[in-house]
Amino acid sequence: MKKIYLFCFLTLSIFSYGQIFGEFASGIRINNTIYNTSGISPNLINSDPGALTFDGVSLGVYGQNSSCGEITAGEIKTFKNASANVCSATINWRVYLASGSPSGIFNTISLNTVTNCNTGTSVFNDGLGACANGDQKWKDYGLNIDFVNSLLPENYILEIYYSFTGSDVSTSTCETTKYISNSGANFKASFTISKPTTSPSASSTSICEGDSLTLTSNPSGGVLPYTFSWTGPNGYTSTDENPVITNTTISNSGTYSVIATDACGVVTVTQSTAAVLVNPKIDPEFDATLPAICRNGIAPLLSTTSTNGITGTWNPPIVSNTTTTTYLFTPTAGQCANTLSFTIFVVNNVTPVFTLPNSICSGATPPVLSNIANNGIVGFWSPSTVSNTATGTYNFTPSTLQCATAFSKTIVVNPLVAIFLPAIPPICSGDALAALPTTSTNGITGTWSPAVNNTATTTYTFTPTSGQCATATVNLTIVVNQFLATFNAVPAICSGDSLAALPTTSTNGITGTWSPAVNNTATTTYTFTPTSGQCATASTSLTVVVNPVITPTFTPIVSICAGTTSPILPLTSNNGYAGTWNPSVVSNTNSGVYVFTPDPVPSLCLLTTSLQIIVNPLVAIFNPVPAICSGDSLAALPTTSTNGVTGSWSPPLNNTNTTTYMFTPDGGQCATTATLTITVNPKITPTFTAVASICSGSTRPVLPLISNNLIAGSWNPATVSNTASATYTFTPNVGQCGTTTTLIITVNTSPTDILFATTNVINQGPDGIIEILSVTSGVSPYLYSINNSGFTSNKIFTNLLPGNYTITVRDVNGCEFNKIVTIDSDCVFPNAISPNRDSFNDTFDLNGCKINKLEIFNRYGRKVNSYIDYKDQWDGINSNGEELPDGTYFYVAEIEGGTVKTGWVFIAR
């Protein structure tokens, strides 16, 4: 098979190239666009689907004296066989007028960069394009050759052809020159040189102040897009093509100039607009017009021509005499005048307002009738004077031009009335005194003075309110009576003594109540409030003195032992009070209470006091002894009590049974016997639940620190071994009276390894095999599981996909061991496919080979298909989806990691 592949490759080279050298593609780049000049797909210089052919193309428009048209690159692909040579490559070019005949000397551009074919990958060394042995690229992508500078505005032709030298018969000589010349017609593209110009204009040469002015540049020629620079009066600038100046002022008058720059950087000659005049606006002026008219009065006429000659219209055109209205004058267009507005107010007819009484009293001073109303209306009255003896009606007539109505007023003259008031009986001082009535019994209202006083007899004066036609003032006297309650003094008492209730009737017969409540512990002043209705003063006071109680104090006498000398009781207290004791002598045999009675002292409240003296025998005191376990060591009992009593114990100590011991004090200590009980507890054996055997290496069981019968302790060893059987000893904690005990835990040996034989899959197919050859350790017979499936005695697992598998073995004791086994996918390149849709070898299957890129070539070296991230897509078709004929094809596969693999595959349907 290898011989067949070699023969096919040699046939490809001979068929393609023969004993010659030549080219199979060429192209040129103008600015940033690559144009093809020769070659066919897929070997074109620019292989993009939309790439243009240079011959006959229009290159566009370029600016005069610019550098917008440049040859920036050129390339030729050549081939040669083993006995031929290629030496150099050149682009030849010239430019001439399109309207004339081809003329001028060709300029030359040498293409000096050479890129050879990588025969290992059949791809050029620059990574661009498929190739065969002997193929070369001649190129230069760093050119900047200007072909438009210094050309005048006109239409032109750029004409090119290529030449390359070499030898058909020698690998070292260059005697032959060959051409790429479009069959002698060369390759020609057209272009135009254009110079930009402007013809600026203004929207108007005479406008009114505040109008908008539009400037238009009107550019032409050159290369789009343009940029613009406007200048004008008062420092005006703009970069807009057609700028608009809004709200113009007088300073915008003048000429505006513009310069345009095209895309090639060509700048136009400065051009200007005609001069623009901005006219100021004037205000229309009119003769004075009334600012206000009376409702339904005569309305003025509005003139349509101002006094300074501005014509226009009014809105509304007629003045209203019923509604206040603003009137707008709009000048006729073309006069550069401002609008004008003013308001004519329609004034409502006003009723005069006066401050006049509805009535007056007979004989009172009559009001004066004013000829000017409160709201400013001027006029006259008829009659002009008010009478103070008879009721009358008075008429007011407004003067003209005031928008006012007539007014009349009737004033009534009332006769005088006498005042009648009721008498008020006497009251007690401090009693409530109602406000005096402000209306008399016959309906006259008024005020009193002075203010009412409920503590002293007072005469009050009633003054009638004006306008009531009443007689003069009237007096009223109110009599106020008062008496003082008197009481006998209360003698002083001792704090805590009984205190009788204070009398609720005074010695002069006034009844009432006291406050606060009587207090027999502190000196207090009490207030007597008389019962209302007795004409007594508001209150009186009485103080009751309460003297404090004093207790004589003595230094306490400590308890004494029976039979010792009795202490003597002092006859004067520590705080200086003398007295007597009862009993007067202290007993040394019995405890007793002794009462001290102080001698009387004037104005002092002295209390009796007592003193208790205890006569005690001494009792020995010992700390308790904690309980012990039967057989534990028991220390000797102390022969001196905690309170210093010495003595001896009986019976002897016993560390096996609970015993009560008696302490007998030594003589001379006036102390009594004492007892002490020591508890002795029996010992208990801890019990535990047996632990089942475990597998070596498995999770260790945790030993409980408290037994089933609640004895706490510790284990030795403290941790269970999962590698060897052992005996564990439990020692109870101190103080629990527990015995030591043991627990045996058996450890069964687990399997420790598995030996496998594996068969990898091919190209991801489901044909992997895992065979278990042997198991290390554990106890047979064994069972097996794959990926946590059920256990079986079968040792072989088949039909596996590539991946990791967990194999678990279990021995007769249930002890398990698992191990991960990997089934890989081997990458095998098929040497033949049969794409006849029978589901067998229909595609070039490279699943699992991690192919980044795959290219398929026919036996002539032409690429027929290619794939990115290839798996098994190719089924014998070309890139157009058409079936390829049976035969041998060459492949180039780029594998992940940078490896490239080449070979042949045969299509046999």
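Which residues lie nearest the centre of the largest pocket? In this predicted model, Gly127, Leu128, Gly129, Ala130 and Lys137 lie nearest that centre, and they belong to a lining of 24 residues.

**Largest pocket**

- The volume of the largest pocket is about 500 Å³, and its lining is made up of 24 residues.
- At least two lining residues of the largest pocket come from each of E4, strand E9 (136–140), strand E69 (851–857) and strand E71 (887–895).

**Nonpolar cores**

- In soluble globular proteins, nonpolar side chains tend to be buried together.
- Here the largest nonpolar core has 36 residues, and those with the most contacts inside it are Ile30, Phe54, Leu59, Phe147 and Phe191.
- Two or more residues of this core are given by each of strand E1 (21–30), strand E3 (58–63), strand E4 (70–80), strand E5 (85–97), strand E11 (154–167) and strand E13 (187–194), and the largest share, five residues, comes from E11.
- Phenylalanine 147, one of the residues with the most contacts inside the core, touches Ile30, Leu59, Tyr62, Gly69, Glu70, Ile71, Trp93, Val95, Leu158 and Phe191, when residues up to four places away in sequence are not counted.

- The structure holds 42 aromatic pairs; in one of them, the rings of phenylalanine 554 and phenylalanine 596 have centres 4.8 Å apart and planes at 65 degrees, so the pair counts as edge-to-face.
- Because phenylalanine 554 lies in the loop between strand E41 (549–550) and strand E42 (560–561), while phenylalanine 596 lies in strand E44 (residues 592–598), the pair ties together parts that are 42 residues apart in sequence.
- Phenylalanine 554 has a relative accessibility of 15% and therefore counts as buried, and phenylalanine 596, at 0%, counts as buried too.

**Charges over rings**

- Over the face of phenylalanine 21 lies lysine 178, at 4.2 Å from the ring centre.
- Over the face of phenylalanine 791 lies arginine 810, at 3.8 Å from the ring centre.

**Backbone features**

- Most residues other than glycine have a negative phi, and most peptide bonds are trans.
- Asparagine 787, a residue other than glycine, has a positive phi near 50 degrees; it is found in the loop between strand E63 (783–786) and strand E64 (796–800), and with a relative accessible area of 40% it is partly exposed.
- Aspartate 869, likewise a residue other than glycine, has a positive phi near 55 degrees, but its place is in strand E70 (residues 863–870); at 46% relative accessibility, aspartate 869 counts as partly exposed.

**Two residues in loops**

- Phenylalanine 286 is in the loop between strand E22 (277–279) and strand E23 (292–294), where it is partly exposed, with a relative accessible area of 23%.
- Phenylalanine 286 touches Ser303, Thr305, Ser306, Thr307, Trp314, Phe329 and Leu340, not counting residues up to four places away in sequence, and its C-alpha atom is separated by 9.8 Å from that of isoleucine 310, 24 residues apart along the chain.
- Glutamine 482 is in the loop between strand E35 (480–481) and strand E36 (493–494), and its relative accessible area of 46% makes it partly exposed.
- Glutamine 482 touches Ser429, Thr455 and Cys535, again not counting residues up to four places away in sequence, whereas glutamine 482 and threonine 458, 24 residues apart in sequence, are 14 Å apart in space, C-alpha to C-alpha.

How values were computed: Residues are numbered from 1 along each chain as its sequence is written. This is a predicted model: local features need pLDDT of at least 70, side-chain atom pairs count only at pLDDT 80 or more; totals for chains, interfaces and linings use all residues. Side-chain values use heavy atoms; hydrogens and water are left out. A nonpolar core is a set of buried Ala, Val, Leu, Ile, Met, Phe, Trp, Tyr and Cys residues joined through side-chain atoms within 4.5 Å. Buried means under 20% relative accessible area, exposed over 50%, partly exposed in between (1.4 Å probe, protein chains only). Helices (H or I, at least four residues) and strands (E, at least two) are DSSP runs, numbered from the N terminus. Contact means heavy atoms within 4.5 Å. Rings of Phe, Tyr and Trp (its six-membered ring) pair if their centres lie within 6.5 Å; planes under 30 degrees apart count as stacked, over 60 as edge-to-face and the rest as tilted. A charge sits over a ring if NZ of Lys or CZ of Arg is within 6 Å of the ring centre and within 35 degrees of the ring normal. On a 1 Å grid over the protein atoms alone, a cavity is a set of points where a 1.4 Å probe fits but cannot get out, and a pocket is an open set with protein on both sides within 12 Å along at least five of seven lines; lining residues have an atom within 4 Å of a point. Grid points are joined across faces, edges and corners, and a volume is the space filled by probe spheres set on the points.
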